[in-house]
Amino acid sequence: MMVLEMNYTSISNGMPDKEIAAELNKFEDELVLLLPDSDGYLNLGRDTYNSKRTIYFACKEFRHVSRTVQQMLAGFRGKIIVSYDIYKDKYWRTMNRYRAS
């Protein structure tokens, strides 16, 4: 599982303005192109609130994901503050918060 967190400054109740939203979407779109689901990288979804966007990926292999994200971060340096974690989540517990009660 890879979880990316992108922090941004917001002036409208934690949601991004049009310029910031465009940069966040551009980053995510490029990442999805570089990590196709046909190769075992499934984009599970995203949250955008409280001046932070979180993107969730299920990954078949972690080495390629790590290299790809590092390359993308170099290209977006100074535009978006991104941190990420890659970890084993055998039972998909990360996604439990989205389970219907």
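This is a predicted model: local features need pLDDT of at least 70, side-chain atom pairs count only at pLDDT 80 or more; totals for chains, interfaces and linings use all residues.

Trainee: How much space lies in the largest pocket?

Mentor: About 260 Å³.

Trainee: And what does the lining look like by class?

Mentor: The lining has 7 nonpolar residues, 4 charged and 1 polar.

Trainee: Changing topic. How many aromatic pairs are there?

Mentor: The count comes to 2 aromatic pairs. In one of them, Phe27 and Phe76 sit edge-to-face, 5.0 Å centre to centre with 80 degrees between the planes.

Trainee: Why does that pair tie parts together?

Mentor: Because Phe27 is in helix 1 (residues 18-34), while Phe76 is in the loop between helix 2 (62-75) and strand 4 (81-86), the pair ties together parts 49 residues apart in sequence.

Trainee: Is Phe27 buried or exposed? And what about Phe76?

Mentor: Phe27 is buried, at 0% relative accessible area. Phe76 also counts as buried, with 6% relative accessibility.

Trainee: OK, which residues form the other pair?

Mentor: Tyr56 and Tyr98, again edge-to-face, with 5.9 Å centre to centre and 75 degrees between the planes. Tyr56 belongs to strand 3 (residues 52-59) and Tyr98 to the segment after strand 4, so this pair links distant parts of the chain, 42 residues apart.

Trainee: Where do those two stand on accessibility?

Mentor: Tyr56 counts as buried at 5% relative accessibility, whereas Tyr98 is partly exposed, with a relative accessible area of 39%.

How values were computed: Residues are numbered from 1 along each chain as its sequence is written. Side-chain values use heavy atoms; hydrogens and water are left out. On a 1 Å grid over the protein atoms alone, a cavity is a set of points where a 1.4 Å probe fits but cannot get out, and a pocket is an open set with protein on both sides within 12 Å along at least five of seven lines; lining residues have an atom within 4 Å of a point. Grid points are joined across faces, edges and corners, and a volume is the space filled by probe spheres set on the points. Ala, Val, Leu, Ile, Met, Phe, Trp, Tyr, Cys and Pro count as nonpolar, Asp, Glu, Lys and Arg as charged, and the others, Gly among them, as polar. Rings of Phe, Tyr and Trp (its six-membered ring) pair if their centres lie within 6.5 Å; planes under 30 degrees apart count as stacked, over 60 as edge-to-face and the rest as tilted. Helices (H or I, at least four residues) and strands (E, at least two) are DSSP runs, numbered from the N terminus. Buried means under 20% relative accessible area, exposed over 50%, partly exposed in between (1.4 Å probe, protein chains only).
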